[in-house]
Amino acid sequence: MADKFSTQLFGAFLMFFVLQPFVIKSLEFESVQNLEGAQKGDVVNGLNQIKKYLHSYGYYHHDNEDTLDDRFDDSLESALKAYQDYLGIDVTGKIDSDTIKGVLTPRCGVPDHLVSNYRFNGGKWTNRSLSWSVKNSVNVFTPYELTLALTAAFKSWADVSPLKFAKAGKGKKGDITIGFFSRDHGDGYPFKAEEFAHAFPPKDGRLHYNAKWDWTFDPTKKGENNKIDVQSVGVHEIGHTLGLSHSSDTSAVMYPYYNPGSIKRDLTDDEKKGIKALYRN
Ligand SMILES: [Zn+2]
Ligand SMILES: [Zn+2]
């Protein structure tokens, strides 16, 4: 009897803590699944979500995100083609299964194509020695664990550039400020469902992780292989804080998408050249 009860209790626990977050994550994209097959000329309920998505990341140009409609127009077709080309999938200009897969993959919140009204524009630091600090609004890891992962992430860039990084003294604010936040966190860029992190360019230096996702230090550990590697994302977002934008090379650390469970901590030759060129003099 007691056993049966505890089994039920365990089941309820699983439902609540394991299944619920997944439902919440995918809720905003429920209608995206129904858009498969849509093409130019169609009017489909929910198409405005794809427009919004492509608008957010710099593919679909429109003055006001709130007035996007459900018509599959010429601009949506060309935006989709540009998006598919960037992702390295077939360029069909239609909403096919690969496109839906792309839209449902967790990504960085920084646009792939810079839009003039975004603050995510280039620039570089004049100082070669930069400090960093951590201040969370949500505690996901212990400060010690997080420091280890971030130190390693900064090392990836320090190893291949003239830049040096050091953690700011206790209570001091660094040039680069890092933390875990959720949804609307006061910087004008509330996290969207699909976004795992975002960061601002020099000399702003803010780097925000989205606390909503499941994070890990080591996706190879048992039970961690569906989580997001804090160090891999750290290397990516630090790249933004140093002035780099996204790369359409799927093997690049600066590629905007991340498959949970994967490790991507090593910079490609192009990225090494990129940071060297940016801080050459
Ligand atoms: Zn990014
Ligand atoms: Zn933020």
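Analyst: E2 and E3 pair in the parallel sense, over four bridges. The chain runs from E2 through H6 to E3, and this β-α-β crossover is right-handed. This model is predicted. One bridge joins Ser-131 to its partner in E3, Ala-166. E2 also pairs with E4, again in the parallel sense, over three bridges. There, Val-134 has Ile-178 of E4 as its bridge partner.

Now the helix of the crossover. H6 covers residues 143-158, 16 residues in total. At 1.5 Å a residue it should span 22 Å, and its end C-alpha atoms are 22 Å apart, so expectation and model agree. Its buried residues are Leu-146, Thr-147, Ala-149, Leu-150, Ala-153, Phe-154, Ser-156 and Trp-157. These buried residues pack against four strands: E2 (129-134), E3 (164-167), E4 (176-181) and E6 (206-210). They also pack against two helices, H7 (230-241) and H8 (269-278).

Next, the metal. The zinc ion (ligand 2) is coordinated by His-185 (NE2), Asp-187 (OD), His-198 (NE2) and His-208 (ND1). The distances are 1.9 to 2.0 Å. Along the chain these donors follow the spacing H-x1-D-x10-H-x9-H. Asp-187 and His-198 link distant parts of the chain, 11 residues apart. Asp-187 sits in the loop between E4 and E5 (195-199), while His-198 lies in strand E5.

What arrangement do the four donor atoms make around the zinc ion (ligand 2)? They subtend angles of 97 to 117°, so the arrangement is tetrahedral. The assignment requires all angles to lie between 85 and 135 degrees. For four tetrahedral donors, the ideal angle is 109.5 degrees.

Are Asp-187 and His-198 buried or exposed? The cut-off for buried is under 20% relative accessible area. Asp-187 has a relative accessible area of 5%, so Asp-187 is buried. His-198 is at 1% relative accessibility and therefore counts as buried.

One further residue is worth a look. Tyr-60 is in the loop between helix H3 (47-56) and helix H4 (74-87). Tyr-60 counts as buried because its relative accessibility is 4%. Leaving out residues up to four places away in sequence, Tyr-60 touches Lys-51, Leu-54, His-55, Leu-68, Asp-73, Ser-75, Leu-76 and Ala-79. Leu-76 is 16 residues from Tyr-60 along the chain, and their C-alpha atoms are separated by 6.6 Å.

How values were computed
Residues are numbered from 1 along each chain as its sequence is written. Chains are lettered from A and ligands numbered from 1 in the order in which they are written. This is a predicted model: local features need pLDDT of at least 70, side-chain atom pairs count only at pLDDT 80 or more; totals for chains, interfaces and linings use all residues. Side-chain values use heavy atoms; hydrogens and water are left out. The expected span of a helix is 1.5 Å times one less than its number of residues. Buried means under 20% relative accessible area, exposed over 50%, partly exposed in between (1.4 Å probe, protein chains only). Contact means heavy atoms within 4.5 Å. Two strands pair if DSSP finds at least two bridges between them. A crossover is right-handed if, with the strands pointing away from the viewer, the path from the first strand over the helix to the second runs clockwise. Donors are N, O and S atoms within 2.8 Å of the metal (3.2 Å for Na, K and Ca); water is not among the atoms, so sites may look incomplete. Four donors count as tetrahedral if all angles lie between 85 and 135 degrees; four count as square planar and six as octahedral if opposite donors are over 155 degrees apart and all others between 65 and 115; anything else is irregular.
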